Amino acid sequence: MVNALASEGEVVYEATTNGVWFVEHAWVVVVLPLISSALILAFGKRTPGKGAVYGIAAVGAAFLFSVGLLWHFVEGGGPFEASIDWFTIGPLHLELGILVDGLTGIMLVVVTAVSLCVHVYSLGYMHGDERFTWFYVVLSLFTAAMLTVVVSNNLIQLLVGWEVMGVCSYLLIGHWWEVKENSDAAIKAFITTRIGDVPFMFGIFLLIAVSGFTTTNITEIAHEIGLGGVSPLYISMAAILLFGGTVGKSAQFPLHVWLPDAMAGPTPVSALIHAATMVAAGVYLIGRLFEIFLLADHWVLTTVSIVAAITALGAALLAIVQNDIKRVLAYSTLSQLAYMVAGLSLGEVGLTAGFFHLFTHAFFKALLFLGAGSVIHAVHSNNMSDMGGLRKSMPITFWTMMIGSLALAGIFPLAGFWSKDELLVVAEEEHVLWLFGVFLLTAVITAFYTMRMVLLTFFGEYKGHAQPHESPRTMTAPLVALAAATIGVGLLGAPQLNAVFGQWVFFEAVHEAVFVPWIALLSTAGALLGLFAGYTLYKERKAQDPLQAPMGPMWNVLQQRYYIDAFYMRAIVVPVRDTWSGAVNWFNQTVIDGAVNGAALAARAMGQVVAWFDRTVIDGIVNGAGDTADRAGNVLKYLQTGNVQWYAVGLFVGVIALSVIFIRFV
Amino acid sequence: MSAQEYAFTVLAVVGGLSAIAVVTARNVVHAALYLVVTLLSVGGVYLLLGAEFVAWVQILIYVGAIVILFLFGLMLTKAPIGRDTLDNQQRWLGALVGVGVFAGLVFLIQEAFPVQDAERFETFHATTDAVGESIFRNYVLPFEAVSFLLLAALIGAIVLARKDDAS
Amino acid sequence: MIRLPLVLMFSALLFSAGVYGVLARRNAVMVLMAIELMLNAVNVNLVAFSSSLHQMSGQVFALFIIAVAAAEVGIGLAIVILLFRTRESINVDEVNLLKW
């Protein structure tokens, strides 16, 4: 990725290509949606069509621009970096710049393409919405923020885009904030990702500290670290802290809880943010700072693998028991993101495979979400128990969803097949067999829940109440476009066709993609097994889910999402919210419930002690603090006369006093 | 002392005394007229320092426009006359603070540029076209910002002072 | 051929007179006049340094300050007139609603 150290404005590509102009002006891609966001905010309500046209035009232009930019890499051009000085704090240079390599090019195309589809799709989906214009403002702003992250050549700029994305995600999840559930989900998403952002920020600070607080430039920092002399423990700390950001943003275990709840937002948002782009930012972050992960101690990447494996398998199992169609897709997203992260954790070769999966997944998952949105639009319900038999009334949605589902299941020759296969090959090559097993098992489960979703939604008899109908053309057109992409993009990484993707996105050296027939057969067999199992179980629709009885208690565990949400609620949210008394109360209850009489007595005694402590000492301190503030306020209020000239006297006396201090004593 | 310094001293004494008169006069109109004298002598100081364009702007804008605005303000608000109505009870405190600020500033100046060692510098004659070039070459953006500010102030002043017919 | 500290002291005198005016005058228009004195003191400093350092920036900023001062007087007098219209008085010490 980072082929050469580029100083300011220096061009490092070898030969001139047709796409060079686009590469050198990559900042335009970021600026376009930013401008459209401002335009929609300023004039949106007065424009015919309520401002959506600005967003669509800008993102469309950005998409074309990105394709031109990618062309540079198709022709074999090298990376480019340029920046201008933003400001300087002592020795620390903050810059505003772009770093464009093959990875960036791919991400730009993915983000703008999906964003364009979502922009068009929302015309139909959000039609008549109260805050239609505002929706487009935030959608465009979000696109700009994501693109900022993608092109950024330094950590601070990246952090800015990262945080703006977080805010946009919050605003969009809570778009229909009148319903308490939605605003709760927005807050949950914001705070949970925030928890990941804190280590991320400290990771950034550590990296800046490596450079001796002189630069935030990613290339320069990577170069600095590559020279050696920085203690490996230090690098490992930075890497694991940065991974915290990925865990939050890409919703990996244990911070995955926000993503399913984020489905409370409008469906186009789920497609754009919670499937194709923002959650991919966490994966992209690892790719961008890959050098640091590679130079870190081995345990860092092992940790990454383990976290990803837990997420991949755990989330896939959860997807089986969901009734809400969007939640099925949300858990599927979690699991697929974990695939990518796990791929990256396999080292240099894994980078190409992981990003190839990100690339294909973005298209087919956006397609699935938009298709689900189309279904929801038709039946006015998220629950699959209200659907069924929709294939006749919504043919376009059905066929496109079918393509997306098969791609997700990994059926030849659709996108998912090639990228999953590539990941399996890499895992086998690197001899990480347990990860190979996890990949394969997850693939089987993925095929299973995909089949279940399709059968419950489109086959059988209709169970809902609303009159289902095909969605308007603004919604089906993006579906068709994405379906076409889903069929096509997989071939970019097909080893038989030279695997051109690998020549655009690689770390340090191009790695030949190989086709291993037995792995391809194995993965196809696994997918077919999953599909077949799903078909046998769900071909006839029963009142009770056929899995519920045989699974027994497991079913409840899955329904309760492994009790992780409940655990967080009780162990973190409630104690923090209800402070001490809540914690003591919870502690008392759990211990009493769980223990025999003797322990119960002890617990009660302890509870009383704590309560006594709470009442006398803590309350004393709290009340004392309040009383002190109250009394002080009663005295001090006389200083606030409301006479500005009296305040001005204070101001100037302060000036004199300070200057005396500075002249005489400093 | 050079000839320029003599001229400066005269201007400074006149300007300084009338500045004090501005803040102590018992008649508001007199205060405004003292202000004119102060502003004119400041303009003279600019001329002595070689800043021609600033000097003329000072006289045009301050004497020509701002003081007139003040006189309008006084007229429209029927300003009363007399020490007790013009000054408040804390004027002695104010005087103390004012003297304190002056002492502090003089002390600072003496520390930084001692009068006894100060050299008589060659004044920098800035021609109008040099000023224009500097503004429109190096300071275009601030210039635009200032013009925007003036527009906003204009609109703001109209909105504020307009008689509200609706109520 | 002027010594810099002399000009600076003139400016200090103007500034201190302005400070006194802001603190001691009851009439809002007079307070505004005092503020003008302080702004002029700043301008004198800027021009003096511009002249002694042979740099144009100081004069340009003096011009900007004059423009800002004009805006400030415009708004200030509008507020004073509004005040007079609603309270029949423009004495600063009678406008003291913002307190406990």
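This is a predicted model: local features need pLDDT of at least 70, side-chain atom pairs count only at pLDDT 80 or more; totals for chains, interfaces and linings use all residues.
Local features are taken from residues with pLDDT of at least 70 and side-chain atom pairs only at pLDDT 80 or more, whereas totals for chains, interfaces and linings use all residues. Residues are numbered from 1 along each chain as its sequence is written, and chains are lettered from A and ligands numbered from 1 in the order in which they are written.

Let me begin with chain A. Its secondary structure comprises 28 helices and two strands; here helices (H or I, at least four residues) and strands (E, at least two) are DSSP runs, numbered from the N terminus. Of its 666 residues, 51% are buried, where buried means that 20 or more other C-beta atoms lie within 10 Å of the residue's own, exposed means 12 or fewer, and partly exposed lies in between, with C-beta atoms placed from the backbone. Considering contacts in chain A with a separation of 6 or more, 78% are between residues 24 or more positions apart; two residues are in contact if their C-beta atoms, placed from the backbone, lie within 7 Å.

Strand β1 of chain A, residues 80–89, runs antiparallel to strand β2 of chain A, residues 92–100, and nine bridges join them. Strands are taken to pair if DSSP finds at least two bridges between them. Within this pairing, A:I84 of chain A has A:L96 in β2(A) as its bridge partner. The two strands form a hairpin with two residues between them, and A:G90 in the turn has a positive phi of about 55°.

I turn now to chain B. Seven helices and one strand are found there, in the order α-α-α-α-α-β-α-α along the sequence. Buried residues account for 32% of its 167 residues. Of the contacts in chain B with a separation of 6 or more, 60% involve residues 24 or more positions apart.

Chain C has three helices and one strand, and its pattern along the sequence is β-α-α-α. Of its 100 residues, 63% count as buried. Among its contacts between residues at least 6 apart in sequence, 46% join residues at least 24 apart.

The expected span is 1.5 Å times one less than the number of residues. For α3(C), the 31 residues should span 45 Å, and the end C-alpha atoms are 44 Å apart, in agreement. After α3(C) comes C:E88, again with a positive phi, near 60°.

How many residues of chain C are in contact with chain B? There are 61 of them, in contact with 74 residues of chain B. On the chain C side, β1 (2–3), α1 (4–24), α2 and α3 each supply at least two residues, and α3(C) gives the largest share, 20 residues. By type, this side divides into 46 nonpolar, ten polar and five charged residues. In this classification Ala, Val, Leu, Ile, Met, Phe, Trp, Tyr, Cys and Pro count as nonpolar, Asp, Glu, Lys and Arg as charged, and the others, Gly among them, as polar.

Helix α3 of chain B, residues 52–76, packs against α3 of chain C, residues 57–87, at an angle of about 5°, with the axes 10 Å apart. Axes are lines fitted to C-alpha atoms, for helices over the stretch in contact, and angles run from 0 to 180 degrees between N-to-C directions. The two helices are therefore roughly parallel to each other, a term for angles under 35 degrees, with over 145 being roughly antiparallel, 65 to 115 roughly perpendicular and the rest oblique. Residues making this contact include B:I61 and B:L69 of α3(B) and C:I66 and C:L77 of α3(C). The residues of this contact divide into 15 nonpolar, four polar and no charged.

A strand pairing also links these chains: two bridges join β1(B), residues 120–121, to β1(C), and the strands run antiparallel. The bridge partner of B:R120 in β1(C) is C:R3.

One residue of helix α1 of chain C is C:Y20. Is C:Y20 buried or exposed? It counts as buried because it has 27 C-beta neighbours inside 10 Å. Not counting residues up to four places away in sequence, C:Y20 touches B:V23, B:G94, B:A95 and B:G98.

Finally, ten residues of chain C are in contact with ten residues of chain A. The chain C side of that contact divides into seven nonpolar, one polar and two charged residues.
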